[in-house]
Amino acid sequence: MAVLLRRLAGHVARGFVMILVVTTISFLIIRSVPGDPLAARYQKLVEQGMAPDAAQRAVEALYGFTPKGGLWEQYLDYMGGLAHLDLGQSLSVPGAGVSTVLFSAAKWTVIPVLAGTLLSFLVGVVMGVYAAIKRTGVLGDLLAISGSLLHGVPQYVLALLLGAIFTTLVPILPAGGTADIMIDPGFTADYIGSLVQHATLPVVTYALAGYGGWILAMKSSVVTVLGDDFILAAELRGMKRSIVFRYLARNAILPLFTILALSLGLLFGGAIFIERIFNYPGLGLMLIDSINNRDYSLMGGAFLLITTAVVVANIAADLLYTVIDPRVRSGGEAA
Amino acid sequence: MKRLTAVAALLSLAAVAACSGGGTNGNSTGGGGGVYTTVDINKPSLDVNAPINPWNPKGNAFWGYNAMRIAWAKNTLTDPNQFYPGIAASWDIAPDNSSITLHLQPGNKWSDGKPVTAEDVKFSVALAYTQGSTAFAVDPGAAGAASDVEVVDDKTIKITQDMKNPSVTFVRGVMDAFVVPQHVWQSVVPADFWDTLKAARGDGPEAEAARGQIKALSEKVLAFAPAQDVSAGPFVLKRMNPGEALLVKNKNFYNAANVAPDQLKLLNTTGNEQIWNYLTSGKLDNAPFTAVPADVMTRIKATPGNQVIKGYSPVAVSLAFNQAKKPYDNVHVRRGLAYLINREEVTQIASPEGGTAAVTTSGIHQKAAREWLGAELDALEPYKLDPTTADKEFAEAGLQKKDGKWTLADGKPWKVTIHIPAPFSDWVSAAKAITSQLTTAGVDAEVVTTADYPLYLSELAEGKYDLGFWLIALGPAPYNIFQRLYGTSNGWNILGGKVKHSAAGKDGNWMGGPETIDVEGVGAVNPGELTAQLNSVSGDEQKAVIAKLAKAANQDLPVIQLWDYVNTQFVNTNRFTGFPEDESDLLRQPSGVWIQLGMIKKKQ
């Protein structure tokens, strides 16, 4: 336990430094993004029919929400704010805190991507084992081909295809949004049904897009483990198939856990194409919007969230690996 | 087995829930008036975190639906001072434009039951001062600013213009103001606001400090978030999710009896393709102006109930020159290029449904140009496709033709590089068509796309581009129209009521045109000063200035006018009727204005 705690403390310290470094680099990159958000706002107002002088004054009113001072001063302000868990104010939505905007968008990304990732993992792993065991049969070949095919098709192509089929050709699913606004939000069958209905296409797209990778990785891993001596020994000892299968799966799945943990960390990155195609307003769309609006605080907040999630996922993966694989435990505990 | 059962149960629940969700769509239409579904052109991208605030760029106060102006501008071809009623039922404008007296809608109430009064309007004017507008500007010497706001009685308010520097757009500036309930917004403005404003209108350090205090309020106003929507419009915001906003009918609205829909759904969109999908599936009762490719247009038209309405849109697109760069400082080069561009072909490729090829370059949309210039429009050089004249112009500029290709005067290669923001697909298509035409005529040309519009505007203003696309003719106010050619982008700024010219590359001057132009039949003119005059002159004098400026633009070509936009909208008559006809001035207002005026009726 002490070893585990020591390891955890080391990971947390390293993770903190990593977040600090990435945040600094993100800050510098974001501040050097060219483009003037206020000029774009001015043009929009003029194009909407506002007189140029009035548009200029309206834009000046927004100036209070833009970062002030030199780069170093802005950096210190930003890091000082972070120390107090204050991510700042959004420029594109004056008055809204960055953390409010982020967490409001995050729920519409994390739940569907998590559902899609876990679904693809479960199905992919089971089918991968099956494809490996039956690798000389037609079914094994078909499973492997399905994996290669789906792995090779870009996410946005899948999304467009599913969208065209289920929202236009056979319009049984909604083309966009998160829930039917006509239904009162609450813990009711109607509302939950609407949420599920609207999330179906994004989740299925995430799942199909991920499935190919999992099945191929699992098949490859199982085939490797199948050749190991301990499987042969188990079979020679006449162990039950279910026990052999458990040995097989437990050893083959180890590398996939690392990938799964990292995938979960990347959840917060959103899936820009899928969210755009299904008009599903999560973190991906929010990030694009913040870049288009040169909303520096919001961009910084989004990158910080993504970085933190990846670092935490890395730590979790490492610790999990220690728990599930006795070979990597240090200090001879594995013996 | 237990796990399998659990998974099966979950899937069943999801399936049942999905079915029940689908069923609700059909049963949730609310009251007898039905649900009107549309996209808000001003805020197509919804944001649940934004406050219900008309001044906030993403605020969930939707113009015409739950956000009300004093009146709604008709944006006619030539007169910026024509309006449909809004918070004001009628108005009296002084003959010399020195004041406007507003008569508010009798019996109009906020959605919470309190009456809409002249005090609400005065309070909203105070808020407008913090955001800056034409009529409510704090800057000393600003043209067309109000000098006094007087509540005459509960339903009447008089606003007087500062006649030291009057503007013909004063009335428009007043009418464009949003009106919000004082009892909700009270805390935002300090009680001594009007005293501070009075001090701000003077000179010296005290006035400067007072102006600072008013400007400091701007952030507070922009960020203010009322706990709930209190609207004087036909609808009140009930709830939102990231994909949709639901507004319900405001029973206290002055014309509620004639507002047909009981509910209004605004859909979130982040791109035109989503609007196309909504239109193809017949979901939208109205879609605002949307660029649509020909094949998509065919699909949209094939959907039962869908109809296309077209009208005037006071916008044109042009190819603008950076005259600080050679050889575009030479008018003959600009003219030569104008003679090589087939505008009909470009428009047909780029915007077949949403544009009409420009008849010439005048700086004005061709429909408004006909009204302003009359027969003089026909006297302008049309710059029709004419490679022979183009060759003569290039030769006049000293360019050389070698092996069928035009080079610079010193024999060095010449390449026309047109910059375009990548997300504007119609502009990209147009630029490609132009470069193809130029290349065929022996002018080496290329299109370079810029990642997005903010970057494009930023680099354009920095003078990084030789040529770029630029929106012009933003009418109907004549000053607004010509400010696009002879305003900040070309070196002229109005500071404290005085016109100042900055050299190319300074103070936002990226067009780099000459300060004076010798116009044939007119003489030497300073187009920036003429443009500034449009703020104050009216009648025949205004027409004379416009004619001079149109001639100057036509002769000097700071831009080549490519096409004039057509306001192409879509309606679906399956659920509602009474939509505006083709060419109606209401097409330039959101459908909330059509609804509040009582035009839209539920289909029987």
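Which residues have the most contacts inside the largest nonpolar core? In this predicted model, in which local features need pLDDT of at least 70, side-chain atom pairs count only at pLDDT 80 or more, and totals for chains, interfaces and linings use all residues, they are A:Ala302 and B:Ile70, within a core of 265 residues. Residues are numbered from 1 along each chain as its sequence is written, while chains are lettered from A and ligands numbered from 1 in the order in which they are written.

A nonpolar core is here a set of buried Ala, Val, Leu, Ile, Met, Phe, Trp, Tyr and Cys residues joined through C-beta atoms within 7 Å. A residue is buried if 20 or more other C-beta atoms lie within 10 Å of its own, exposed if 12 or fewer, and partly exposed in between, the C-beta atoms being placed from the backbone. The largest share of the 265-residue core, 18 residues, is supplied by helix H8 (residues 189–226) of chain A. Helices (H or I, at least four residues) and strands (E, at least two) are DSSP runs, numbered from the N terminus. Two residues are in contact if their C-beta atoms, placed from the backbone, lie within 7 Å. With its neighbours within four places in sequence left aside, B:Ile70 has contacts that include B:Gly86, B:Ile87, B:Ala88, B:Leu102 and B:Val121; B:Val174, B:Met175, B:Ala177 and B:Val179 are also among them.

Chain A contains 14 helices and 0 strands. Of its 335 residues, 44% count as buried, and its C-alpha atoms fill a box of roughly 85 × 55 × 40 Å along the principal axes. Among contacts in chain A with a separation of 6 or more, 74% involve residues 24 or more positions apart. An unreviewed UniProt entry assigns the annotation "transmembrane region" to residues 12–30, 110–133, 153–173, 253–278 and 298–321 of chain A; UniProt positions are given in the numbering used here, feature names are shortened, and annotations may be inferred rather than shown by experiment. Residues 12–30 of chain A are 100% helix and 0% strand, with end C-alpha atoms 26 Å apart. Residues 298–321 of chain A are likewise 100% helix and 0% strand, and there the end C-alpha atoms are 34 Å apart. A:Phe16 belongs to helix H1 (residues 2–31) of chain A and is exposed, with 12 other C-beta atoms within 10 Å. The C-alpha atoms of A:Phe16 and A:Thr308 are separated by 8.8 Å, although these residues are 292 residues apart along the chain.

Confidence was examined through pLDDT, the predictor's confidence in each residue, from 0 to 100. Chain A has a mean pLDDT of 86, and 97% of its residues reach 70 or more. Among the elements of chain A, the lowest mean pLDDT (81) is that of helix H11 (residues 254–265), and the highest (93) is that of H8(A). Over residues 331–335 of chain A the pLDDT is below 50, and this stretch has 5 contacts in the model beyond near neighbours in sequence. Where pLDDT is low, the predicted coordinates should not be read in detail.

The contact between the chains takes 58 residues from chain A and 62 residues from chain B. Elements giving two or more residues to the side of chain B that touches chain A include helix H1 (2–27), helix H6 (204–223) and helix H16 (478–486) of chain B. H1(B) provides the largest share of this side, 8 residues. By class, the side of chain B that touches chain A has 24 nonpolar, 31 polar and 7 charged residues; Ala, Val, Leu, Ile, Met, Phe, Trp, Tyr, Cys and Pro count as nonpolar, Asp, Glu, Lys and Arg as charged, and the others, Gly among them, as polar. H16(B) is largely enclosed by the rest of the structure, because 9 of its 9 residues are buried. The cover over the buried residues of H16(B) includes helix H3 (52–62) of chain A and helix H18 (539–556) of chain B.

Strand E12 (residues 263–267) of chain B is mostly covered, 5 of its 5 residues being buried. B:Gln263, B:Lys265 and B:Leu267 lie on one side and B:Leu264 and B:Leu266 on the other. Two strands pair if DSSP finds at least two bridges between them. Strand E1 (residues 35–38) of chain B pairs with E12(B) in the parallel sense over 4 bridges, and B:Thr37 stands opposite B:Lys265. E11(B) and E12(B) run antiparallel, joined by 5 bridges, with B:Leu264 as the bridge partner of B:Leu247.
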